[in-house]
Amino acid sequence: MSQIRVQGSRVYAVVGAVVERLQCLKTIDFGSDSTGKMEITCLDESDTKSYLPGLTDPGDGSMGFDFNKANESHLKVIDWAQKKTEVTLIMAEPGNDTDIPKVENGEIKLPTNRTFWKCVGTLSSPAWKFEADTLVNCTVTLQRKTALVCIPATT
């Protein structure tokens, strides 16, 4: 059985044609989708409603990190959240750091030797947390626009 460890994973954000590695995230939660339902119950039904599955509503998630003002990716995430910037987020299983997403001719290209998870969403609402005996923490909301897609390694 092949299992994928979380430690050593890499998270990338694509904004425009630029791929940024988000360094030292503590948490990432892509949220869960929900599916609407369309009622198809006939008027002569006296006991139970009937439904067809409707459209999928992408879930909201979050990213959290202990703020480090020297970490350029932390500053970019906060800026994107404050500006409500749309980003493509890509999580890569642990592997060779030369096998990373690239943007070619406006299209994101993923290596085939790693498993990736990808979605598009908007970062917003940076929330700051200050507690005794901890580091300053920031969590940003991820409002997904698309489903989270798993792209398994093929080589």
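Student: How do you know that the sulfur of Cys 138 is too far from the closest cysteine sulfur for a bond?

Tutor: In this predicted model, the closest cysteine sulfur to that of Cys 138 belongs to Cys 24 and is 13 Å away. A disulfide requires the two sulfur atoms to be within 2.5 Å, so the sulfur of Cys 138 is too far for a bond. By this rule, the count of disulfides comes to zero.

Student: What makes Cys 138 buried or exposed?

Tutor: Cys 138 has a relative accessible area of 0%. Buried means under 20%, and therefore Cys 138 is buried.

Student: Why are Cys 24 and Cys 42 placed in another class, and which one is it?

Tutor: The relative accessible area is 54% for Cys 24 and 51% for Cys 42. Exposed means over 50%, so Cys 24 is exposed, and so is Cys 42. Cys 24 lies in the loop between β2 and β3; its phi is positive, about 60°, although the residue is not a glycine.

Student: Why is Ser 125 called partly exposed?

Tutor: Ser 125 has a relative accessible area of 43%. The class covers values between 20% and 50%, so Ser 125 is partly exposed. Ser 125 is found in strand β10, residues 116-129, and also has a positive phi, about 50°, without being a glycine.

Student: What makes Arg 144 count as buried?

Tutor: Its relative accessibility is 6%, and the limit for buried is under 20%; Arg 144 therefore counts as buried. Arg 144 belongs to strand β11, residues 137-144. Beyond its neighbours within four places in sequence, Arg 144 is in contact with residues including Phe 30, Pro 58 and Cys 119.

Student: How do you know that a polar contact joins the side chains of Arg 144 and Asp 33?

Tutor: The distance is 2.4 Å, and the cut-off is within 3.5 Å for a pair of N or O atoms; the side chains are therefore joined by a polar contact. The side chain of Arg 144 also reaches the backbone oxygen of Gly 31, at 3.4 Å.

Student: What makes β1 and β2 a pair of strands?

Tutor: Five bridges join strand β1 (residues 10-15) to strand β2 (residues 18-22). Pairing needs at least two bridges, so β1 and β2 pair, and they run antiparallel. Val 11 stands opposite Leu 22 in β2. The hairpin has two residues between the strands, and in it Gly 16 takes a positive phi near 65°.

Notes. Residues are numbered from 1 along each chain as its sequence is written. This is a predicted model: local features need pLDDT of at least 70, side-chain atom pairs count only at pLDDT 80 or more; totals for chains, interfaces and linings use all residues. Side-chain values use heavy atoms; hydrogens and water are left out. Buried means under 20% relative accessible area, exposed over 50%, partly exposed in between (1.4 Å probe, protein chains only). Helices (H or I, at least four residues) and strands (E, at least two) are DSSP runs, numbered from the N terminus. A polar contact is a pair of N or O atoms within 3.5 Å; within protein, one must be able to donate a hydrogen and the other to accept it, and residues adjacent in sequence count only if both atoms are side-chain atoms. Contact means heavy atoms within 4.5 Å.
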